[in-house]
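Here is a briefing on one protein chain.

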Amino acid sequence: MDKFLEAAIKQARLGRNEGGIPIGSVLVINGQIVGRGHNRRVQQGSAILHAEMDCIENAGRLTAADYAKAVLYSTLSPCDMCSGAALLYKIPQIIVGENLTFQGPEAYLRERREASPSRLSIIRTALT
């Protein structure tokens, strides 16, 4: 399995161990993880701390050039909010570990691919 998807799964397990929803995410630039996050909605009582949002926040302030080289990994298909953040920051590739439990706006992301360089990759895997 891809080492970055493994890192996202590790984040999901951290969230589960904290009593939260087991979804994890990592942001990768030039083969290096620059941000990690997991869903903290339950733990923080937050409406917006999804794994991808936590990951992007934990990556800190990056330049547009950095985001243009980034790959966002998520164990679960990103929701509208998280997909919107990826589009806003022009993250060119999203790797999704699983989209059977929940499927975000993947069709919309694919449509936008024609207008921008973003790609969406679906990797189905058992997240145990």
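Helices (H or I, at least four residues) and strands (E, at least two) are DSSP runs, numbered from the N terminus. By that rule, the protein chain holds six helices and five strands. This is a predicted model: local features need pLDDT of at least 70, side-chain atom pairs count only at pLDDT 80 or more, and totals for chains, interfaces and linings use all residues. Residues are numbered from 1 along each chain as its sequence is written, and side-chain values use heavy atoms, without hydrogens and water.

**Fold**
- From the N terminus, the order is α-β-β-α-α-α-β-α-β-α-β.
- The chain has 128 residues, and 47% count as buried (under 20% relative accessible area, 1.4 Å probe, protein chains only).

**Nonpolar cores**
- A nonpolar core is a set of buried Ala, Val, Leu, Ile, Met, Phe, Trp, Tyr and Cys residues joined through side-chain atoms within 4.5 Å.
- The largest has 15 residues; Leu 27, Leu 72 and Ile 91 touch the most other members.
- β1 (24-29), α3 (51-58), β3 (70-74), α5 (80-88) and β4 (93-96) each supply at least two residues of this core.
- The top contributor is α5, with three residues.
- Apart from this core lies another, of 10 residues, including Leu 5, Ile 9, Tyr 73 and Ile 95.

**Ser 25**
- Ser 25 sits in strand β1.
- Its relative accessible area is 0%, so Ser 25 is buried.
- Its side chain reaches the backbone oxygen of Tyr 73 at 2.7 Å (a polar contact is a pair of N or O atoms within 3.5 Å; within protein, one must be able to donate a hydrogen and the other to accept it, and residues adjacent in sequence count only if both atoms are side-chain atoms).

How values were computed: Buried < 20%, exposed > 50% of the residue type's maximum accessible area, 1.4 Å probe, protein only.
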